[in-house]
Amino acid sequence: MQTLQVALDERSYPIHIGRGLLQQIELITPHLKQKRAVIVTNTTVAPLYLDQLRSTLESAQISVLPVVIPDGEAYKTWGTLNLIFDALLEARCERSTTLFALGGGVVGDMVGFAAACYQRGMPFIQIPTTLLSQVDSSVGGKTAINHPLGKNMIGAFYQPKLVLADIGTLDTLPDRELKAGLAEVIKYGLIRDLPFFEWLEANMSYLLARDPEALAYAVQRSCANKAEVVAADERETGDRALLNLGHTFGHAIETGLGYGEWLHGEAVAAGTLIAARLSCLLGWLSADDVLRIEKLFVLAGLPVKGPALGAGRYLDLMSHDKKVIDGRLRLVLLTAIGKAVVSDIATADQIGAAIDAGCT
């Protein structure tokens, strides 16, 4: 097991990474305020890991209430959030009861938002079961639900008490979900960690083959990068925005097609290539750099072209992005592989040209 720390003063918390962690109750009990817990999971993950986590908690005489919600990005809504609130209220849960998020990014985001809201704040623990959630969404305290006009537009910054990333849960992850998670892994190399990008170029086949050591290293290196960024900028007033490379374009894809048509990581992959092409148009990346980035996403089995929604539709959807300030769209772009910036200098025509070049 490897342990990292997200350093946020009194809100600091550990990230444990390893295999078989779901059975290690001693990692969990120090973070519980009472011997009562609510496990929120979805219809896909529940048959795989709910009983395992429940048995671990009950071995320490902790009473458990399971709440199973529908699976999928299409259910990241107020209606599903209310299913969690209904269960908490019907069971008369207190603000010292701990919520467990057992699942991928959708479960983690929704449970974190529920924890932030219920009785104005209750503790929660992230137990991510997908690669994407282990390397990205479970760390950093971003919680949200979607709105028809924009992804993750309603939410809160609310940190977990613990992140428990059991690499063993990736054994049951579908190939498509594994590849989607790799988009967020590649992101860290692109924005701030060139040696990691080079490691990914050399080791992508091992990750796709689910080599345990390669997966553990990728999760650890990704979480270390994110923990460092979050500790320096918890509420995204500065460099934390760099973690959104490809996301502004990617969120437009998800919203424009309808939530769930493309997985988040797939949309981010295509969005990252659009951002790379725009960076090339601005003279920051060479054409060879763009080809190198594209090659790695192809190796990962991810899309490198977005859907042809039309540049105008992309720009309209992107106007709802959280990085819009004073009406100006700020984008995360690359000045080199391993170095990112947030910039608003690209014109609508330049953005449109990058979108047209990066879509099919």
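**Close-up 1. The second largest cavity of the predicted model.** In this predicted structure, the second largest cavity has a volume of about 40 Å³. Its lining is made by Asn244, Leu245, Gly246, His247, Thr248, Phe249, Ala275, Lys323, Leu331 and Val332. Two elements, helix H8 and strand S10 (331–336), each give two or more residues to this lining, and the most comes from H8, with 3 residues. Sorted by class, the lining of the second largest cavity holds 5 nonpolar, 4 polar and 1 charged residues.

**Close-up 2. The largest cavity and the elements around it.** Lining the largest cavity are 13 residues, of which Lys151, His251, Leu317, His320 and Asp321 are the closest to its centre. Strand S8 (150–157), H8 and H11 are the elements that give two or more residues to the lining of the largest cavity, and H8 supplies the largest share, 4 residues. By class, the lining of the largest cavity consists of 5 nonpolar, 5 polar and 3 charged residues.

**Close-up 3. The crossing of helices H8 and H11.** Helix H8 (residues 247–257) and helix H11 (residues 311–318) have axes that come within 9 Å and cross at roughly 105 degrees. Because angles of 65 to 115 degrees count as roughly perpendicular, H8 and H11 are described as roughly perpendicular to each other. On the H8 side the contact is made by Thr248, Phe249, Ala252, Ile253, Thr255 and Gly256, while H11 brings Arg313, Tyr314, Leu317 and Met318. Taken by class, the contact of H8 with H11 has 6 nonpolar, 3 polar and 1 charged residues. Leu317 of H11, which takes part in this contact, is also among the residues closest to the centre of the largest cavity, and Thr248 and Phe249 of H8, likewise in the contact, are among the residues that line the second largest cavity.

**Close-up 4. The aromatic pair of Trp78 and Phe113.** A search of the whole structure finds 5 aromatic pairs, and one of them is formed by Trp78 and Phe113. The centres of these two rings are 6.1 Å apart and their planes stand at 50 degrees, so the pair is tilted. Trp78 lies in helix H2 (residues 78–90) and Phe113 in helix H3 (residues 105–117), so the pair ties together parts that are 35 residues apart in sequence.

Note on methods. Residues are numbered from 1 along each chain as its sequence is written. This is a predicted model: local features need pLDDT of at least 70, side-chain atom pairs count only at pLDDT 80 or more; totals for chains, interfaces and linings use all residues. Side-chain values use heavy atoms; hydrogens and water are left out. Axes are lines fitted to C-alpha atoms, for helices over the stretch in contact, and angles run from 0 to 180 degrees between N-to-C directions. Angles under 35 degrees count as roughly parallel, over 145 as roughly antiparallel, 65 to 115 as roughly perpendicular and the rest as oblique. Contact means heavy atoms within 4.5 Å. Ala, Val, Leu, Ile, Met, Phe, Trp, Tyr, Cys and Pro count as nonpolar, Asp, Glu, Lys and Arg as charged, and the others, Gly among them, as polar. On a 1 Å grid over the protein atoms alone, a cavity is a set of points where a 1.4 Å probe fits but cannot get out, and a pocket is an open set with protein on both sides within 12 Å along at least five of seven lines; lining residues have an atom within 4 Å of a point. Grid points are joined across faces, edges and corners, and a volume is the space filled by probe spheres set on the points. Rings of Phe, Tyr and Trp (its six-membered ring) pair if their centres lie within 6.5 Å; planes under 30 degrees apart count as stacked, over 60 as edge-to-face and the rest as tilted.
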